[in-house]
There are 2 protein chains.
Amino acid sequence: MYALSWCLKNIISQCCKDTLFLLYVRSAQAFHSSLDGTGYLFSSDVLATVDKYSNDVANCIIEKAKRMCREKGDDEVKVEVIIESGDPRDVICRVAENINADVLVMGSHGYGLIQRAFLGSVSNHCAQNVKCPVLIVKKPKSSSSATGTK
Amino acid sequence: MYALSWCLKNIISQCCKDTLFLLYVRSAQAFHSSLDGTGYLFSSDVLATVDKYSNDVANCIIEKAKRMCREKGDDEVKVEVIIESGDPRDVICRVAENINADVLVMGSHGYGLIQRAFLGSVSNHCAQNVKCPVLIVKKPKSSSSATGTK
C-alpha cells in the first residue's frame with residue numbers, strides 16, 4: 001500500500017495517460033507444497049474454505065488499492081487488476097513481460113539478513129529477472145522504532 | 001548512461017525543479033586490497049599514475065553524463081556532481097542518506113548467476129540498505145544477442 005501511494009504521488013501524477021496494473025499474487029503454493037511434503041490430506045471442504053479465504057483477502061486488498069487510486073484526485077488513473085496464484089517471484093516476472101510493463105513498482109518487506117537467507121527476496125529476484133526498470137519502494141521505518149531491532 | 005538517459009526521459013522531465021546528483025564511485029579499493037594481499041609493492045610513481053588514470057576516467061564519464069543532462073532540451077536540469085572513492089555499495093548508500101535523496105536511480109550490470117555469487121550485486125545491496133525508493137534500470141539486451149549466452 002505504501003509503494004502504491006508513493007507511486008501515485010510521484011510517478012503517476014505526471015503521466016496520467018498510463019495504465020496502472022494492480023497485480024495481486026495469491027501464494028497458494030506454500031499451502032499445496034506442505035500438503036505434498038507431509039502427506040496430510042485435507043478434505044475438499046477445508047481446501048474450499050482456504051481457497052475462499054485467500055480469495056477474500058485478495059479482493060479486500062485489491063479493493064483498498066483501487067480506492068486509493070480513485071481518491072487520487074483530479075486526474076483519473078486507468079487501473080486494471082490482475083489476480084494470479086503461484087510463486088510471487090515467477091508470477092510477477094511473467095506478468096511484467098506479458099503486459100510489456102514500462103516500469104515495475106514493488107514494495108519490499110525489508111526482511112533482516114536471516115529471513116532473506118531463507119525466504120529469498122522477491123524484489124531482488126524480480127530486479128534481476130525482469131527486463132523493464134524496477135522501482136523498489138520500502139516503507140520508511142519511524143526512526144524511534146528502528147533503533148531497537150536493527 | 002542508459003539508466004541516466006531513462007531517468008532523464010521518464011522521471012526528470014515532469015519535475016524539473018528537482019536536483020539530479022550524479023555520483024561516480026572510483027573503486028580504488030580493489031587495487032589497494034590486491035596490494036595488501038599479495039605483498040607487491042608499487043612505487044609512488046605507479047600509484048600516482050593509476051590514481052591519475054582513475055581520475056581521468058571519472059572526469060570523462062561525469063562530463064559525458066553532464067552533457068546528456070544539458071542536451072535534454074527545454075527544461076534545464078539542476079545537476080550536482082559527487083565523486084568519491086571506496087566500495088561502491090557503501091559509498092552509494094552513504095551518499096543517498098547524506099543528500100536525503102528522494103529516489104536512487106542506478107544501472108545494473110545484469111551479471112549472470114556465477115558472477116553475482118562472487119561479486120555480489122551492487123544494486124541488490126543498495127536496494128536492501130538504502131531507505132529511499134530505489135529504481136534499478138537495466139540496459140535492454142537486443143533479443144538477437146541475448147539468445148546466445150543466456
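What percentage of the 150 residues of chain A count as buried? In this predicted model, the share is 30%.

**Architecture of chain A**

Chain A contains seven helices and four strands. Read from the N terminus, its elements follow the order α-β-α-α-β-α-β-α-α-β-α. Contacts between residues at least 6 apart in sequence were also sorted by separation, and 77% of these in chain A join residues at least 24 apart. The chain exposes about 9,600 Å², of which carbon and sulfur atoms supply 54%.

**Salt bridges**

Over all chains, the count of salt bridges comes to 12. The table lists three of them, among them one in chain B.

| Arg26(A) | Asp51(A) | 2.8 Å |

Arg26(A) and Asp51(A) form a salt bridge that links distant parts of the chain, the two residues being 25 apart. Arg26(A) belongs to strand β1 (residues 19-26) of chain A, and Asp51(A) to helix α3 of chain A. Arg26(A) has a relative accessible area of 12% and is therefore buried, the limit being under 20%. Asp51(A), in contrast, is partly exposed at 41%.

Lys52(B) is exposed, with a relative accessible area of 51%, while Asp56(B) is partly exposed at 38%.

Which residues form a positive surface patch? The patch consists of Lys64(A), Arg67(A), Arg70(A) and Lys139(A). One of these residues, Arg70(A), is placed in helix α3 (residues 44-70) of chain A.

**Loop residues**

Gly86(B) sits in the loop between β2 (78-85) and α4 (88-98) of chain B. Is Gly86(B) buried or exposed? Its relative accessible area is 17%, so Gly86(B) counts as buried, being under the 20% limit. In sequence, Gly86(B) and Ser27(B) are 59 residues apart, yet their C-alpha atoms are 5.1 Å apart in space.

Two asparagines deserve a note on backbone geometry. In chain A, Asn100(A) has a positive phi, near 55 degrees, and is a residue other than glycine. Asn100(A) is found in the loop between α4 (88-98) and β3 (104-108) of chain A, and its relative accessibility of 63% makes this residue exposed.

In chain B, Asn100(B) likewise has a positive phi, of about 55 degrees, although it is not a glycine. The place of Asn100(B) is the loop between α4 and β3 (104-108) of chain B. With 64% relative accessibility, Asn100(B) counts as exposed.

Note on methods. Residues are numbered from 1 along each chain as its sequence is written. Chains are lettered from A and ligands numbered from 1 in the order in which they are written. This is a predicted model: local features need pLDDT of at least 70, side-chain atom pairs count only at pLDDT 80 or more; totals for chains, interfaces and linings use all residues. Side-chain values use heavy atoms; hydrogens and water are left out. Patches are made of residues with over 30% relative accessible area and no salt bridge: like charges are joined within 9 Å, nonpolar side chains (Val, Leu, Ile, Met, Phe, Trp, Tyr) within 5 Å. Accessible areas come from the Shrake-Rupley method with a 1.4 Å probe; for residues, only the protein chains shown count as cover. A salt bridge is a side-chain nitrogen of Lys or Arg within 4 Å of a carboxyl oxygen of Asp or Glu. Lys and Arg count as positive and Asp and Glu as negative; His and the chain ends are not counted. The place of a charge is taken as NZ of Lys, CZ of Arg, CG of Asp or CD of Glu. Buried means under 20% relative accessible area, exposed over 50%, partly exposed in between (1.4 Å probe, protein chains only). Contact means heavy atoms within 4.5 Å.
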